[in-house]
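Welcome! Here is a short briefing to read alongside the sequence and the 3D view.

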Amino acid sequence: MSFLRINHVSKRYGDTWAVRDFDLEVRKGEFVSLLGPSGCGKTTTLQMVAGFVEVSEGRIELEGRDITHAKANARGLGIVFQTYALFPHMTVRENVEFGLEMRKCPPVERRERALQVLALVHLERHLDRYPRELSGGQRQRVALARALVIRPPVLLLDEPLSNLDAKLREEMQFELREIQRKLGTTTIMVTHDQAEAMSISDRVVVMETGRITQVDTPLAVYEHPRNAFISTFVGKANLLQAAVAPGADGAVRAAVGPVQMALPPGTPAGAAVVLALRPEKLSCTAAGTGRCEGQVTERFFLGNLWMYTVHTPLGPLLVSAVNDGGAPCDVGQAVGVDWQDRDVRVIGAGEAVA
């Protein structure tokens, strides 16, 4: 049974649908990320769950209780905003205790619970500091502690790490997940950062233009994207238009220029399809070998990886290679490009490639 049920929820502003037919069941203790580009409706969805935005259609249930039209302060949810929204005139402890004070929690219990949650986020030594005296990462932890101290049934995170620098953001991703696992709090996070969503979520909800396009585990979303948008928004992908026809061996194959690729059983013969190949599934080989010939036209050093653009009869292909300390391919070098049939993904019959 679902813990939180968002049942075919929509939000309309005039003639514009910000969110349309959003349908999701979240299990207790699950960490779910709403992932998509700016304007896709993910923050509006979170705000409807929080009670800050009125639902136009649909129903929201928490533990079987209808909260669709309940006031935000009556839902008891923990919320961490993108800006953290800390009170500048209050100390760390006072900020964390504020929600408990509003709930008429006795002073002794307030202090005890605040100290417990501040220890959880490693801020027990900063009780009497003000937000202006803290780093960005510390302010983020205060906001998280303030949301958790009320022991919410659901924790809502709206781009909680977007104001942090890259290194701290990566560190806080894993710290956030560790805290969530310790407490077992059901969590929904909004993010436009696919690496963030993939690294810490149990499931990812990919959104485009107000609608859900795929709900799955991070691995399944990455390895088996349902359309061209997902394959390029979640990671990088080479998209190839192909015509499907039975091969001489009876297997279904797709012809892409001079190259044929075996496709999964059940792919309809005669269809025009879009194929996706992740750059890391391709490899540069010696000239004259591999599936097709090519020439390196660009290369980019990414630290742990080399990323190449290779001109081929199939068009330009992105190829990534692990930096093993050896000599990289040179721009202008003739190479072969190879891959395995099992790494080819059929992502849409007749879908246009942008």
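In which helix is the place of E223? E223 belongs to helix α8, which covers residues 218–223; helices (H or I, at least four residues) and strands (E, at least two) are DSSP runs numbered from the N terminus. Please keep in mind that this is a predicted model, where local features need pLDDT of at least 70 and side-chain atom pairs count only at pLDDT 80 or more, while totals for chains, interfaces and linings use all residues. Residues are numbered from 1 along each chain as its sequence is written, and side-chain values use heavy atoms, with hydrogens and water left out.

**The whole protein**
- The protein has nine helices and 20 strands, and its C-alpha trace spans about 75 × 50 × 35 Å along the principal axes.
- Of the 354 residues, 50% are buried, where buried means under 20% relative accessible area with a 1.4 Å probe, counting protein chains only.
- Among contacts (heavy atoms within 4.5 Å) with a separation of 6 or more, 65% join residues 24 or more positions apart.

**Around E223**
- E223 is buried, with a relative accessible area of 17%.
- Leaving aside residues up to four places away in sequence, E223 touches K281 and R345.
- The side chains of E223 and K281 make a polar contact at 2.9 Å; such a contact is a pair of N or O atoms within 3.5 Å, and within protein one must be able to donate a hydrogen and the other to accept it, while residues adjacent in sequence count only if both atoms are side-chain atoms.

**Helix α3**
- Helix α3 runs over residues 92–102, and its buried residues include V92, V96 and L100.
- The buried residues of α3 pack against α4 (107–120) and α5 (136–148).
- After α3 comes K104, which has a positive phi near 60°.

**Cysteines**
- A disulfide is a covalent bond between the sulfur atoms of two cysteines.
- The structure holds zero disulfides, counted as pairs of cysteine sulfur atoms within 2.5 Å.
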